[in-house]
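Work through the exercises below with the coordinates open. Each one gives a task, then a solution in steps.

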Amino acid sequence: MSTAFTHTTVLRYATVNALVSPDFNAKASWIHEPLESVQAKGIYVDGTFGRGGHSRYLLSQLAPDAQLFVIDKDPLAIQEAERLQAEDSRCHVIHGGFSTMKAELSARGITQVQGILLDLGISSPQIDDASRGFSFMRDGPLDMRMDTTRGVTAAEWLATADVEQIKEVIRNYGEERFAFQIAKAIASRRESSPLRTTLELAELVSTVVRTREKGQHPATRTFQAIRIFLNEELEELSRTLSSVLSLLAPQGRMAVISFHSLEDRRVKQFIAGAANPAAELAKLPLRESELPQPLLKNLGKVVATKEEVAANPRARSAILRVAQRTETSL
């Protein structure tokens, strides 16, 4: 018997409106509302299809001859994407990580696009499905893989990694100050019996982390860290951002939603560097004409409204950053 999982798309209207609206303004209240179709032309990419909330609204804003390429690692997300593809021939499905978008598009003869959307992190169905192992709220196998067809599970990695490696992962990807104590507890526990389920790991971490921010479970940072590490999320984000500049056509836009500081910091720094590449050379004796020109224009940051957070608490930590490609050639 299959279980139906609901998913509320975070910043659905603001993100898509940022890609297609000629009058986009990050501070305008109207960006959080659905628009009349702007009939945007060209090619767009949703690098994190999830359950299709952004893609469906984006298709409603595109012209009849426009195209949308959707990408996801999750086999269940791909099943949903293929259903959308059957409904709308403008939609094209790619099973893989979003860092493959440049190669996948190139293989299809596409070298430039008008918009790129990335919704980082995990979707509500992935969190709510205990069999995926992403959450400690329901007991399930310690898996945590975005793509369940390949890679090492969390249980397999925790059974073999040494204390130092576990500590580094939890500290660097979870910003957890009790990383060493957690790593030692995991190593000690597996001497008698391996960790197999999400609740086993959560309960073990809870015995070590005795203080935590109000409203946050002691295992939150540990689960986040292991998930990010196993799926190479930050590395994939960096690889993707490096390809965005060459993929975006002049005046094309990128819209990226982040849910924690590690992701958002990389996106923010990338946009800042591309918007002001001359900053690093400011102290050199160069003429203005010799300085590199901006490759991106920073269009600002958007967060969820109070109403959206009330309806969907997972939107509370979401940060949308938007940038537009300049006319400068690489």
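Asp-143 is buried, with a relative accessible area of 11%; buried means under 20%, exposed over 50%, and partly exposed in between (1.4 Å probe, protein chains only). This is a predicted model: local features need pLDDT of at least 70, side-chain atom pairs count only at pLDDT 80 or more, and totals for chains, interfaces and linings use all residues. Residues are numbered from 1 along each chain as its sequence is written, and side-chain values use heavy atoms, with hydrogens and water left out.

**Exercise 1. Find the salt-bridge partner of Asp-143 and describe the surroundings of that partner.**

Step 1. Apply the salt-bridge rule: a side-chain nitrogen of Lys or Arg within 4 Å of a carboxyl oxygen of Asp or Glu. Asp-143 pairs with Arg-145 at 2.7 Å, N to O.

Step 2. Check burial. Arg-145 is buried too, at 14% relative accessible area.

Step 3. Arg-145 sits in the loop between α5 (124-128) and α6 (154-160). Helices (H or I, at least four residues) and strands (E, at least two) are DSSP runs, numbered from the N terminus.

Step 4. List contacts, meaning heavy atoms within 4.5 Å. Leaving out residues up to four places away in sequence, Arg-145 touches several residues, including Arg-132, Phe-134 and Asn-231. Asn-231 is 86 residues apart from Arg-145 along the chain, yet their C-alpha atoms are separated by 6.3 Å.

**Exercise 2. Which three residues supply 44% of the area that domain 1 buries against domain 2?**

Step 1. Get the area. The two domains bury about 1,100 Å² between them, 52% of it on carbon and sulfur atoms. Buried area is the accessible area (1.4 Å probe) that two parts lose on being put together, summed over both.

Step 2. Name the contributors. Lys-73, Glu-233 and Leu-262 supply the 44%, more than any other three residues.

Step 3. Follow Glu-233. This residue is in helix α11 (residues 233-247) and is buried at 11% relative accessibility. Its contacts beyond four places in sequence include Met-146 and Arg-227.

**Exercise 3. How many salt bridges are counted between domain 1 and domain 2?**

Step 1. The count is two.

Step 2. Inspect a charged pair: the side chains of Arg-265 and Glu-175 meet in a salt bridge at 3.6 Å, N to O.
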